[in-house]
Amino acid sequence: MIKAVVFDVGETLIGEARIWAGWAGRLGVSEFVLMGALGGMAALDRPHTDAFELIRPGFDVDAEEAAWERDDPDGLRNHFDADDLYPDVRDALSAIRAAGYQVIIAGNQPTRAYDALVAMDLPADSVHTSEGWGVSKPEAGFFAKVAAVAGREAGEILYVGDRLDNDVLPAAAAGMRTALLRRGPWGYLHAERPQAASADAIVDDLHAVLPVLRRLG
């Protein structure tokens, strides 16, 4: 039986459109240009930072982040807050928790994201970040941490995320059940791939997760 549901963060709980728009401004191009480049990287299974390099060869992400902080010390920059939550998050997580499932948030995020997520007071039992753990998806160690904080056997956990490479495939390899969310550029692209059939479910929104849990038992 599934006893715990673990949610990815970026493009699962948090919409990243505002953050990418900010990066477009830093790169000096339109949002359309950056979004197109990001989509290309997603389709080619290349990291998102390659989109920056494509637009501005030699682009130094760390240096630009430091400059951005100097230019806008009190702004969100490439951070997020409650305004970036997808609208189905609170209700869907509340319903899953009310049905008796443990709800955990764990994704590839910097330590600062922990504070942002906790400040939202989401209906979750715990929040974790890859930087806080010192291990990132898709490494097996990340999913071992997930099972440890849940206090569950891997087969008792459903991992929900928007990517095959970072979420569905490594979680399944760890023995977890999986749901692929058709949300964000990776989610839509990955749902069309043959490997998506390895997910226990493909869902269009978070409200669809509870019916999946009931079906899986």
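Is R182 buried, exposed or partly exposed? At 27% relative accessibility, R182 is partly exposed, a class lying between buried (under 20% relative accessible area) and exposed (over 50%), with a 1.4 Å probe and protein chains only.

The model is predicted: local features need pLDDT of at least 70, side-chain atom pairs count only at pLDDT 80 or more, and totals for chains, interfaces and linings use all residues. Residues are numbered from 1 along each chain as its sequence is written, and side-chain values use heavy atoms, leaving out hydrogens and water.

**View 1. R182 in the loop between β5 and α10 (184-191).**
Helices (H or I, at least four residues) and strands (E, at least two) are DSSP runs, numbered from the N terminus. The R182 side chain makes a polar contact with the side chain of D204 at 2.8 Å. Such a contact is a pair of N or O atoms within 3.5 Å; within protein, one must be able to donate a hydrogen and the other to accept it, and residues adjacent in sequence count only if both atoms are side-chain atoms. Beyond its neighbours within four places in sequence, R182 is in contact (heavy atoms within 4.5 Å) with residues including Y188, I202 and V203.

**View 2. The open sheet of six strands.**
The order is β3-β2-β1-β4-β5-β6, and the pairing is parallel. Strands pair if DSSP finds at least two bridges between them. β3 and β6 (201-203) are the edge strands, each pairing on one side only. Four bridges join β4 (residues 157-161) to β5 (residues 177-181). Within β5, A179 is the bridge partner of V160. Helix α8 (residues 140-150) packs on the sheet and touches β1 (4-7), β2, β3 and β4; its direction makes about 155° with that of β2. Axes are lines fitted to C-alpha atoms, for helices over the stretch in contact, and angles run from 0 to 180 degrees between N-to-C directions.

**View 3. H128 in strand β3.**
H128 is buried, at 15% relative accessible area. Its side chain makes a polar contact with the S126 side chain at 2.9 Å. Leaving aside neighbours within four places in sequence, H128 is in contact with I104, I105, A106, G107, W133 and V149.

**View 4. Two faces of helix α6 (residues 111-119).**
The buried residues of α6 are A113, A116 and L117. They pack against β2 (102-107) and β3 (126-129). The face turned away carries exposed D115 and A119. D121 follows α6, with a positive phi near 55°.
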